[in-house]
Amino acid sequence: MTEKHYLIQEDTAQKKIDLEVMKPVQGPLAVDVTKLYRDQGILTYDPGFMSTASCESSITYIDGEAGVLEYRGYPIEQLAKQADYLEVAYLLLYGELPNRSQLLEFDHIITHHTMLNENLKDFFGGFHYDAHPMAIMVGVVGSLSAFYHDSLDINNPRHREISAHRLIAKMPTIAAASYKHNISEPIVYPDNDLSYCANLLQMMFATPCEQYQPNPLAVEAINLLFILHADHEQNASTSTVRLAGSSQANPFACIAAGIASLWGPAHGGANEAVLNMLTEIGDLSNIDKYIAKAKDKKDPFRLMGFGHRVYKYYDPRANILREMCTKVLNELADSNNPMFELALKLEEIALKDEYFLQRKLYPNVDFYSGIIYRALNIPNNMFTVMFAIARTVGWVSHWLEMMSDPLQRIGRPRQIYMGSPRRDFVPLDERS
Ligand code: CMC
């Protein structure tokens, strides 16, 4: 429970207002304004949630000034080095690291929920032949709610848990099927002998006539990327999931809403946008021109993969990925690919440039994730899908946390109305 103190006195409209201050386990104090409108008739205004906490949470902690990220109290660096993705998924879902038998059981459950209902496969054929895999994900994940009527009671904790397991287990299968549809190949079924990440690669790259042997370094890199992308507290997509869930919508619909929010280039779509940007830059000789464009306020161009709302030091996930990026580029990628040289040069220049230094715009996780995925031969339009698979456990953990929070109520922001004052209707013939 959060400790509360009466601390703040504010002079507004010649009234002194007492507001409660919430003291978190870690992080800045927060002023509780929930009763401000009811008691004083005053709203708070904070577009983009620059200074607003939307809930209490015990899942993930970020200190953006110090570059700290922790899942359930465990530093991301330790998890990245020592854990497996499903171990981290268990930690996020249940709050504690699993012991050996808990992990075996969880692994078994997830592995045995990976298959899709045969009828669900028909949905893929309804999409245009070159549909973006994220568009397919939004539709197909939302449609899962049409298949599990028997376990969709959101007030039943066991139903909630089964839905969580189904979502985590089926996301790689749906993602791979979306990709297969996009390249007009038959869907490949999951293989229960493979790990979560190896199975994803197998479903993406095997064909009915050719087996696929996942490369161990590729599996290691994806395991790492998935751990780093697993949760990030109240980002846009997680907040979307919470807001959708606050109306008591079913979990499949809520996660579909999260996927839609993740798709934007300011959020999870950035990894795809980084590679598109590198293609547009094209050559080392063009870098200066694009740095100048990024600095020009009249030009909408931004250096994709740079900057973060919360991290004003260095994104700790980017720090970890940089090392893996070098390893993958050295061991797996075509070292002659000019794209990689371009990325490294861009990073070097931006890290020295006054504009980026002053605004604390460092490379973020998605600057490197896109480069690694490219080196692993994952197509550009699948990058954000990979992010969505990894983030599903974060979304689901927040949804579960919200659903068992006694303070949970429908999310309903207010507004500052700036439109026309009241006026009378003018009949059509009398309008100028
Ligand atoms: N390139 C050039 N200038 C930038 C960039 C950039 N990538 N990012 C921010 N700025 C400038 C911006 O113009 C503003 O300058 P000024 O103060 O002179 O007006 C200042 O930096 C602050 O920017 P902001 O837009 O107010 O910051 P924000 O916190 O609202 O936006 C952001 C954060 C991530 C949306 C933004 O940095 C951005 O668009 N970055 C590129 C997209 C990207 O890489 N997104 C992935 C984020 S990490 C993955 C995830 O968790 O979603």
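Biologist: In which helix does Glu401 lie?
Modeller: This is a predicted model, in which local features need pLDDT of at least 70, side-chain atom pairs count only at pLDDT 80 or more, and totals for chains, interfaces and linings use all residues. Residues are numbered from 1 along each chain as its sequence is written, and side-chain values use heavy atoms, with hydrogens and water left out. Helices are DSSP runs of H or I with at least four residues, numbered from the N terminus. On that count, Glu401 lies in helix 18.

Biologist: Is Glu401 buried or exposed?
Modeller: Buried means under 20% relative accessible area, exposed over 50%, and partly exposed in between, with a 1.4 Å probe and protein chains only. Because its relative accessible area is 18%, Glu401 counts as buried.

Biologist: Which residue has a side chain joined to that of Glu401 by a polar contact?
Modeller: A polar contact is a pair of N or O atoms within 3.5 Å; within protein, one must be able to donate a hydrogen and the other to accept it, and residues adjacent in sequence count only if both atoms are side-chain atoms. Contact in general means heavy atoms within 4.5 Å. Leaving aside neighbours within four places in sequence, Glu401 is in contact with Glu56, Ser57, Ser58, Ile59 and Arg242. The polar contact, at 2.6 Å, joins the side chain of Glu401 to that of Arg242.

Biologist: How far apart in space are Leu86 and Ile222?
Modeller: Leu86 is found in helix 3 (residues 85-94) and counts as buried because its relative accessibility is 3%. Leu86 and Ile222 are 136 residues apart in sequence. From C-alpha to C-alpha, the separation of Leu86 and Ile222 in space is 12 Å.

Biologist: Which backbone oxygen does the side chain of His181 reach?
Modeller: His181 has its place in helix 7 (residues 157-182) and is buried, because its relative accessibility is 16%. Beyond four places in sequence, its contacts include Phe124, Gly125 and Tyr129. At 3.0 Å, the side chain of His181 reaches the backbone oxygen of Phe127.

Biologist: How much of the ligand's area does the protein bury?
Modeller: A side-chain N or O atom of His267 is 2.6 Å from an oxygen atom of the ligand, a polar side-chain atom of Lys297 is 2.9 Å from a ligand oxygen, and a backbone N or O atom of Gly305 is 2.8 Å from one. Accessible areas come from the Shrake-Rupley method with a 1.4 Å probe; for residues, only the protein chains shown count as cover. Taken alone, the ligand exposes 940 Å², and the share of this that the protein buries is 76%.

Technical notes
Helices (H or I, at least four residues) and strands (E, at least two) are DSSP runs, numbered from the N terminus.
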